[in-house]
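Me: I'd like to go through this one and check the labels against the cut-offs behind them. Ready when you are.

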Amino acid sequence: GWITWNADVYDTGAFRVPPPEGAEAPPLPPPPSVEWVTQAATEPALSDAALTWLAERADRPAGAHPGLSHDDLHAIVHHPVHGADVDVTAALLHPEAVYLDPLFGDFTGRDAIHAWLADVMPKVGRVRFDTIGPTLFNGSCSAVEWVQMGVSADGDALPMMRGTSVRRFVDGWITYAADYFDTAVLADPAVAIAGRAAGSTLGPDDIARYRSPVG
C-alpha cells in the first residue's frame, strides 16, 4: 500500500554539449551513477500457441498477422532468446508501428524498424539486460526497468547503462516500442571499456546514419 520507488527517466545527453566556440564553461560533472541491484532472470512461460508460431514463423507469409494473444506477444518480446531475435520482433510489429530510441532516433513502419535492428544489433556485441524491478503488464502495455550489461569473452558482466522499455499491444500486434536511457553515460570511459570487452563494433558513423541532420 506504499509507493516504494519513483523515477523520472529522461536523456541528459542533449544538455551535455560543448559551449559555443570561444565561450568558456566549467567542466561538466559526470553523469549520475547508481549501483543498481539486479534481479535473477526469469524466463517467461510460452504458451502452446506461442511455441507453435515460433516454430512455424519462417513458413508463414511475410507480414501475416501473428494470430497471438497479447499475453503471448508479451511473453515472446521479454524472452531472453526469442525477444533478442530481430526477425521475430519484426514479425510481431504492426506494419505502421513506431519505435523510439534516444540514441538512434524515431522509426515508423515495420520495414524501417526491422532494417535498423538488423543493422545495429549484430554490432552491439555480447549484451544482456538484467531487470531491476518487476515487469509490468496490464494486457495492452508492458514496462520493464533494466541494466544493460556488457559480457566479456570470459563471461564477466560489466554494467553499461540503466533504462526502461515500454511496449504497447493493439489487436494482436506490437504497435509501439520505446526504450528510454541516458545517452550521456556513453561518454563514461567505464562504459566504453565494457562495450569493447563485449565485442561491440558500434561507432559514431552507425549512429549518424540514422540521425536526421540538424538545421
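Me: How many salt bridges does a search of the whole structure find?

Reply: The search finds 7 salt bridges. Keep in mind that this is a predicted model.

Me: What makes Lys 123 and Asp 119 a salt bridge?

Reply: Their closest N and O atoms are 2.9 Å apart, and the cut-off is 4 Å, so the pair counts as a salt bridge. Both residues lie in helix H4 (residues 110-124), 4 residues apart, about one turn of the helix.

Me: Why is Asp 119 called partly exposed?

Reply: The relative accessible area of Asp 119 is 21%. Buried means under 20% and exposed means over 50%, so Asp 119 falls in between and is called partly exposed.

Me: How do you know that Asp 206 and Arg 209 meet in a salt bridge?

Reply: Here the N to O value is 3.5 Å. That is within the 4 Å limit, so the label holds for Asp 206 and Arg 209. These two are also linked with Asp 119 and Lys 123 in a network of salt bridges.

Me: Is Asp 206 buried or exposed?

Reply: Asp 206 is buried, because its relative accessible area of 8% is under the 20% cut-off.

Me: Which strands does the salt bridge of Arg 162 and Glu 145 tie together?

Reply: The side chains of Arg 162 and Glu 145 meet at 2.5 Å, N to O. Arg 162 lies in strand S6 and Glu 145 in strand S5, so the pair ties together parts that are 17 residues apart in sequence. Both residues are buried.

Me: Why do S5 and S6 count as paired?

Reply: Pairing needs at least two bridges. Strand S5 (residues 141-151) and strand S6 (residues 157-170) have 11 bridges in the antiparallel sense, so they count as paired. Val 144 stands opposite Ser 165 in S6. The two strands form a hairpin with 5 residues between them, and Gly 155 in the turn has a positive phi of about 95 degrees.

Me: Why is Trp 5 partly exposed?

Reply: The value for Trp 5 is 46%, so this residue sits between the 20% and 50% limits. Trp 5, Val 34 and Trp 36 make a nonpolar surface patch of about 300 Å².

Me: Which residues have the most contacts inside the largest nonpolar core?

Reply: That core has 34 residues, and the ones with the most contacts inside it are Trp 53, Ile 76, Leu 92, Phe 104, Ile 113 and Trp 116. Leaving aside neighbours within four places in sequence, the contacts of Trp 53 include Ile 76, Val 88 and Leu 92.

How values were computed
Residues are numbered from 1 along each chain as its sequence is written. This is a predicted model: local features need pLDDT of at least 70, side-chain atom pairs count only at pLDDT 80 or more; totals for chains, interfaces and linings use all residues. Side-chain values use heavy atoms; hydrogens and water are left out. A nonpolar core is a set of buried Ala, Val, Leu, Ile, Met, Phe, Trp, Tyr and Cys residues joined through side-chain atoms within 4.5 Å. Buried means under 20% relative accessible area, exposed over 50%, partly exposed in between (1.4 Å probe, protein chains only). Contact means heavy atoms within 4.5 Å. Patches are made of residues with over 30% relative accessible area and no salt bridge: like charges are joined within 9 Å, nonpolar side chains (Val, Leu, Ile, Met, Phe, Trp, Tyr) within 5 Å. Accessible areas come from the Shrake-Rupley method with a 1.4 Å probe; for residues, only the protein chains shown count as cover.
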